[in-house]
Amino acid sequence: MKPNRLLLIMVLCFFTLSHQEAEARYYDARAGRFLTTDPRARDFPGTSPYAYTLNNPTKYTDPDGRMPILAPLAGVSAGVYIGGAVTIAVVGHAWSYTFNPSYRRAVDQGATSITKAAGDALNSSVQKVKETVSSVAEGIVKVFSKENVPEKAEPAAPENTDPYRGPVDRPVTVVDGQGNAIPVAKGGQVSGSADGGWIQVKDSEGNPTGVRKDGGHKPKTHPDPRAQEPHGHRPDVNNPDGTPWLPINK
Amino acid sequence: MDFKEGDAVRVIPSAPFGFRPGAGGSVCGSRLLEKETDIQHRSEAKGTRLYLVEFGDGYTTEIPDRYLLPLE
């Protein structure tokens with residue numbers, strides 16, 4: 001016999017047992033007495049026919065109202081009663097299932113329904129679990145996806161303080177080998193000869209600012225001796241005679 | 001023609017008047033013309049090399065390389 005069919009028979013047995021009529025009298029729990037007389041009152045001539053367990057409930061019990069019995073024996077009695085009833089019910093249903101085709105058909109149909117209902121419930125639960133797992137997985141993917149991961153801020157470009165590399169981020173001063181200081185404003189840059197004899201300050205666009213250190217011009221282009229020596233230039237700054245070749249450290 | 005700082009140069013006679021055609025001077029620096037604004041302002045092609053030339057009286061200006069010759 002398949003387990004689901006056995007289960008159905010057990011359920012039927014339970015309903016059978018629950019409808020057993022076992023009470024012989026009605027009992028008033030508030031008064032501690034039976035409401036009707038004991039059908040076996042003649043067997044207990046010294047006791048009231050309405051009394052419960054010979055007025056000694058701690059020693060006796062009377063589950064069906066017919067006769068008081070010792071309390072420990074009542075448990076055994078009840079066990080035997082229930083066990084016997086269960087056995088009879090199981091055997092009876094098994095007998096019917098084996099030898100009664102219509103009963104067997106009804107049980108099989110019931111078992112099929114139970115199996116189908118249980119299968120549907122299981123499938124539904126599995127589906128819900130799958131959906132939950134899928135949802136959680138999607139959540140995890142979203143949490144760790146590229147869209148949700150905060151983008152790293154672009155590292156700030158290092159501050160440029162070397163005017164030979166390009167426009168500087170703050171004012172700097174270039175000092176040559178002779179100690180001549182050449183100011184370079186923010187955004188300014190510098191170019192010059194490889195030997196450092198010629199230095200030209202430019203703005204951020206590369207236009208000359210007029211601040212320069214010249215290494216000395218040739219006599220054929222510059223007859224003034226001050227122009228033939230290393231000298232400096234600054235806009236609007238001239239010698240007393242108006243010439244632009246400013247003296248510097250040599 | 002390439003020049004370096006300190007080289008003596010002469011402006012060719014056919015150069016614009018502002019470049020002092022025929023005068024001799026000294027190269028103080030150079031740069032490539034790359035900025036669009038400079039290109040439009042000077043009517044020069046991109047990539048033209050400009051030389052900063054100082055003349056004997058201290059006057060200085062940027063001259064495109066095609067207007068300069070070495071001063072012998």
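User: What counts as a contact between two residues here?

Analyst: Two residues are in contact if their C-beta atoms, placed from the backbone, lie within 7 Å. This is a predicted model. In chain B, take the contacts with a separation of 6 or more: residues 24 or more positions apart account for 40% of them.

User: Which elements make up chain B, and in what sequence do they run?

Analyst: Chain B has five strands and one helix. From the N terminus on, they run β-β-α-β-β-β. Of its 72 residues, 25% count as buried.

User: How do I read the sheet, and what is the strand order?

Analyst: Strands of a sheet pair through backbone hydrogen bonds, either parallel or antiparallel. In chain B, the five strands form an open sheet in the order β4-β3-β2-β1-β5, with antiparallel pairing. β4 (60–64) and β5 (68–70) of chain B stand at the edges. Each has a single partner strand, so one side of each is left without a neighbour in the sheet. Direction ignored, neighbouring strands of this sheet are turned by 50° against each other on average.

User: How many bridges join β2(B) and β3(B)?

Analyst: Seven bridges, in the antiparallel sense. One residue pair to look up is B:S30 with its bridge partner B:Y51 in β3(B).

User: Which residues make the contact with chain A, and how many come from each chain?

Analyst: The contact takes 19 residues from chain A and 16 residues from chain B. On the chain B side, β2 (24–32) and β3 (49–55) each supply at least two residues. β2(B) gives the most, with six residues. By type, the chain B side divides into seven polar, five charged and four nonpolar residues.

Methods: Residues numbered from 1 in each chain as written. Chains lettered and ligands numbered in written order. Predicted model: local features only at pLDDT ≥ 70, side-chain atom pairs only at ≥ 80, totals over all residues. Helix = DSSP H or I, 4+ residues; strand = E, 2+ residues; numbered from the N terminus. Buried ≥ 20, exposed ≤ 12 C-beta atoms within 10 Å, placed from the backbone. Nonpolar A, V, L, I, M, F, W, Y, C, P; charged D, E, K, R; others polar. Pairing = 2+ DSSP bridges. Axes fitted to C-alpha atoms, helices over the stretch in contact; angles between N-to-C directions.
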